[in-house]
Amino acid sequence: MSTREETRQLRLASWQQIFADRAASGLSVKDYCEANNLKRDQYFYWQSIARKNALAAMPENTPGFALLEAPKQESAIPGSSQDPLPSITIELGNIRLSLANGIRKEQLAAVLEVITHVE
């Protein structure tokens, strides 16, 4: 591996830790970048590089998995019961996707985009 490639891999590893820290913080990308003196353009650039590397590392015809977190509820209504069961299940070939109530349409669109490319 060349020095240039080693440097790139070290930077990628550093950014992967940043992605994990941001996710754990619960902050938006904008707020996290401002709080940590990072440029949003750099954040998204390295995020795209990390995604491409992850996809390239996956063997072809490997079933995919996308973890979606439930939307945060700002305030719970006292006495209301939360239904933990999924409201819909989608099956496509060997993929089975169970979706809970309250999934945002952006999340659903992202998942459907991923599973339509899995064979």
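**Exercise 1.** Which residues make up the largest nonpolar core?

*Solution.* The model is a predicted one, and its protein chain contains four helices and two strands, which follow one another from the N terminus as α-α-α-β-β-α. The largest nonpolar core has eleven residues, namely Leu12, Trp15, Ile18, Phe19, Val29, Tyr32, Cys33, Tyr43, Trp46, Ile49 and Ala50.

**Exercise 2.** Determine how H1 and H3 are oriented to each other, and describe their contact.

*Solution.* The axes of the two helices, H1 and H3, come within 10 Å and cross at roughly 105 degrees. Since angles of 65 to 115 degrees count as roughly perpendicular, H1 and H3 are therefore roughly perpendicular to each other. Among the residues making the contact are Leu12, Trp15, Ile18 and Phe19 of H1, together with Tyr43, Trp46, Ile49 and Ala50 of H3. Sorted by class, the contact of H1 with H3 comprises nine nonpolar, five polar and three charged residues.

**Exercise 3.** Which residues does Tyr32 touch, leaving aside those up to four places away in sequence?

*Solution.* With those neighbours set aside, Tyr32 touches Ile18, Asp21, Arg22, Ser25, Leu27 and Leu38.

**Exercise 4.** What percentage of the residues of the protein chain count as buried?

*Solution.* Of its 119 residues, 15% count as buried, while the protein chain exposes about 9,700 Å², of which carbon and sulfur atoms supply 53%.

Definitions and conventions
Residues are numbered from 1 along each chain as its sequence is written. This is a predicted model: local features need pLDDT of at least 70, side-chain atom pairs count only at pLDDT 80 or more; totals for chains, interfaces and linings use all residues. Side-chain values use heavy atoms; hydrogens and water are left out. Buried means under 20% relative accessible area, exposed over 50%, partly exposed in between (1.4 Å probe, protein chains only). Accessible areas come from the Shrake-Rupley method with a 1.4 Å probe; for residues, only the protein chains shown count as cover. A nonpolar core is a set of buried Ala, Val, Leu, Ile, Met, Phe, Trp, Tyr and Cys residues joined through side-chain atoms within 4.5 Å. Contact means heavy atoms within 4.5 Å. Axes are lines fitted to C-alpha atoms, for helices over the stretch in contact, and angles run from 0 to 180 degrees between N-to-C directions. Angles under 35 degrees count as roughly parallel, over 145 as roughly antiparallel, 65 to 115 as roughly perpendicular and the rest as oblique. Ala, Val, Leu, Ile, Met, Phe, Trp, Tyr, Cys and Pro count as nonpolar, Asp, Glu, Lys and Arg as charged, and the others, Gly among them, as polar.
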